[in-house]
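Hello,

Here is the structure I promised to pass on. Please look it over first; my notes follow below.

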Amino acid sequence: MLQALNSLDERLAPAEEIFFTWLLRVLAAGTLVGCAWLDDAPPLDLASMIIAIYVAVRVATQFGNLVSAAPFQNRALSVIFAVGAIGLLVLSFLAIITFVEELALSVAG
């Protein structure tokens, strides 16, 4: 049992490294985008859209890396794992944007 858990941990480590590296980047980008959306200045809106598009493209390019780093031998399970990881990154980005906006509204209101 312990050997099986150690084996799973070894197979999961590369995927965790990719995911958590991108999670920090996504959270930072979400904070920047959320802060830029608070002000109604068009240059900041444009900059926030550029940042959001850049992060989305870079996260999407990690799909192949996540599939190859998935801890499963089955190709279908590896793809589902990668889709789930990217889905979590997208939800994290949206959560940070929403949090920053709600925080700003509570401070201003």
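**Glutamine 62 and the loop it sits in**

Apart from neighbours within four places in sequence, glutamine 62 makes contact with Ile18 and Trp22. Glutamine 62 belongs to the loop between α2 and α3. Is glutamine 62 buried or exposed? Its relative accessibility is 11%, under the 20% cut-off, so glutamine 62 counts as buried. One caution before going on: this is a predicted model.

**Overall shape**

The protein chain has four helices and zero strands. Along the sequence the pattern reads α-α-α-α. The radius of gyration is 17 Å, well over the 13 Å that the globule rule gives for 109 residues, so the protein chain is more spread out than a compact globule. The C-alpha trace spans about 55 × 25 × 20 Å along its principal axes.

Now the surface and the contacts. Of the 109 residues, 28% count as buried. The protein chain exposes about 7,200 Å². Carbon and sulfur atoms supply 71% of that area. Take the contacts in the protein chain with a separation of 6 or more: residues 24 or more positions apart account for 63% of them.

**The core**

The largest nonpolar core has 20 residues. Which residues have the most contacts inside it? They are Val26, Val59, Leu66, Leu89 and Phe93. The largest share, eight residues, comes from α1.

Leucine 66 is worth a look on your screen. Leucine 66 lies in helix α3. Its relative accessible area is 2%, under the 20% cut-off, so leucine 66 is buried. Neighbours within four places in sequence aside, leucine 66 is in contact with Ala15, Ile18, Phe81, Ala82, Ala85 and Ile86. Ile18 is one of the residues that glutamine 62 contacts as well. Leucine 66 and isoleucine 18 are 48 residues apart along the chain, yet their C-alpha atoms are separated by 7.2 Å.

**Phenylalanine 72**

Move on to the loop between α3 and α4, where phenylalanine 72 has its place. Leaving out neighbours within four places in sequence, phenylalanine 72 is in contact with Leu77, Ser78 and Phe81. Phe81 is also among the contacts of leucine 66. Phenylalanine 72 and tryptophan 37 are 35 residues apart in sequence. In space, C-alpha to C-alpha, they are 40 Å apart.

**A nonpolar patch on the surface**

Tryptophan 37 comes up again here. Trp37, Met49, Ile53 and Val57 form a nonpolar patch on the surface. Together they have about 370 Å² of accessible area. Which element gives the largest share of the patch? Helix α2 (residues 42–61) does, with three residues. Valine 57 lies in that helix. Its relative accessible area is 48%, between the 20% and 50% cut-offs, so valine 57 is partly exposed.

**In short**

The predicted model has four helices and is more spread out than a compact globule. Leucine 66 is buried and is among the residues with the most contacts inside the largest nonpolar core. The surface carries a nonpolar patch that includes Val57.

Best wishes

Key: Residues are numbered from 1 along each chain as its sequence is written. This is a predicted model: local features need pLDDT of at least 70, side-chain atom pairs count only at pLDDT 80 or more; totals for chains, interfaces and linings use all residues. Side-chain values use heavy atoms; hydrogens and water are left out. Patches are made of residues with over 30% relative accessible area and no salt bridge: like charges are joined within 9 Å, nonpolar side chains (Val, Leu, Ile, Met, Phe, Trp, Tyr) within 5 Å. Accessible areas come from the Shrake-Rupley method with a 1.4 Å probe; for residues, only the protein chains shown count as cover. A salt bridge is a side-chain nitrogen of Lys or Arg within 4 Å of a carboxyl oxygen of Asp or Glu. Helices (H or I, at least four residues) and strands (E, at least two) are DSSP runs, numbered from the N terminus. Buried means under 20% relative accessible area, exposed over 50%, partly exposed in between (1.4 Å probe, protein chains only). A nonpolar core is a set of buried Ala, Val, Leu, Ile, Met, Phe, Trp, Tyr and Cys residues joined through side-chain atoms within 4.5 Å. Contact means heavy atoms within 4.5 Å. The radius of gyration is taken over C-alpha atoms; the globule rule is 2.2 Å times the number of residues to the power 0.38.
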